[in-house]
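Visitor: I am new to this structure. Please show it to me, and then I will ask some questions.

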Amino acid sequence: MSEPADYTPPKIWTWNKESGGQFANINRPIAGATHEKALPVGRHPLQLYSLGTPNGIKVTVMLEELLALGHADAEYDAWLIKIRDGEQFGSGFVEINPNSKIPALVDRRGPAPIRVFESGAILVHLAEAFDAFLPREPAARAECLSWLFWQVGSGPYLGGGFGHFYAYAPIKIEYAIDRFAMEVKRQLDVLDRRLAESEYLAGPDYTVADMAVWPWYGAMAKGQLYEGGEFLQVQEYRNVLRWADQIAKRPAVRRGRIVNRLLGEHQLAERHDAADIDEVLNA
């Protein structure tokens with residue numbers, strides 16, 4: 001489809017038609033549950049409700065990294081939430097994430113369950129709970145959290161901005177694609193300059209900042225998101241590519257990236273035991 005005709009917004013916006021595109025059936029301007037559905041609960045201390053998108057991968061990678069360090073209390077059940085089917089609007093899910101976005105975590109290690117939603121918050125919660133992948137020294141901690149929240153603030157430009165208008169929108173709008181392509185390339189340049197001076201984002205050590213940024217910008221730099229690699233000329237960002245490849249080789253990353261995944265070479269819809277991942281990777 002071509003560029004739309006000039007559009008003048010009305011004085012008051014009203015929801016009187018579907019937005020169109022691949023996600024029209026789940027887009028709506030109100031919050032809350034659309035149906036009653038309790039969430040399953042497994043036997044492990046941590047219960048994750050997610051999907052193998054970049055935001056979901058952040059958390060499963062973190063959990064697998066914690067297990068690799070020997071933290072037995074980081075054992076988890078990963079339940080699949082099919083967002084295209086609207087499962088994030090079930091009553092049980094809305095109870096643990098009123099924003100109806102994956103991932104959401106329930107930490108059942110203590111006397112009362114703790115809900116944690118938003119991927120950045122989950123990473124910080126787990127890092128503090130297990131004293132791992134978040135530096136203690138104030139300057140290093142500030143650097144790590146700065147890059148973590150850089151991703152939280154920048155990610156919507158990549159996913160909801162560039163990804164939506166380049167790959168998913170029912171019409172191609174030159175202005176929108178140009179606007180978000182420019183911003184994504186600027187963000188990749190920010191990362192490339194940082195990684196020219198530092199092995200990892202927060203310094204010499206791998207942290208939650210890398211776990212947050214890698215599934216989005218590492219995948220983008222490798223041409224694995226939205227089929228937009230050539231369009232954005234991602235091969236220009238050599239330091240990002242070096243960092244992306246380095247992280248991809250980590251055993252826990254290889255494990256975490258397949259959990260709740262429904263596309264690609266290795267897929268694992270749900271994870272309830274370490275052997276579930278072993279079976280898929282060794283098949």
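Predicted model: local features only at pLDDT ≥ 70, side-chain atom pairs only at ≥ 80, totals over all residues.

Visitor: In which helix do Asp 189 and Arg 193 both lie?

Guide: The two residues are four apart, about one turn of the helix. Asp 189 is partly exposed at 27% relative accessible area, and Arg 193 is exposed at 59%. Both lie in helix α5.

Visitor: Is Arg 194 buried or exposed?

Guide: The side chain of Arg 194 meets that of Glu 143 in a salt bridge (3.5 Å, N to O). This pair links distant parts of the chain, 51 residues apart, with Arg 194 in helix α5 and Glu 143 in helix α4. Glu 143 is partly exposed, at 30%. The relative accessible area of Arg 194 is 14%, and the cut-off is under 20%, so Arg 194 counts as buried.

Visitor: How many salt bridges does a search of the whole structure find?

Guide: One of them joins the side chains of Arg 136 and Asp 131 (2.1 Å, N to O). A network of salt bridges links Glu 64, Glu 75, Arg 255, Arg 271 and Asp 278. For the whole structure, the search finds 15.

Note on methods. Residues numbered from 1 in each chain as written. Heavy atoms only, no water. Salt bridge = Lys/Arg side-chain N within 4 Å of Asp/Glu carboxyl O. Buried < 20%, exposed > 50% of the residue type's maximum accessible area, 1.4 Å probe, protein only.
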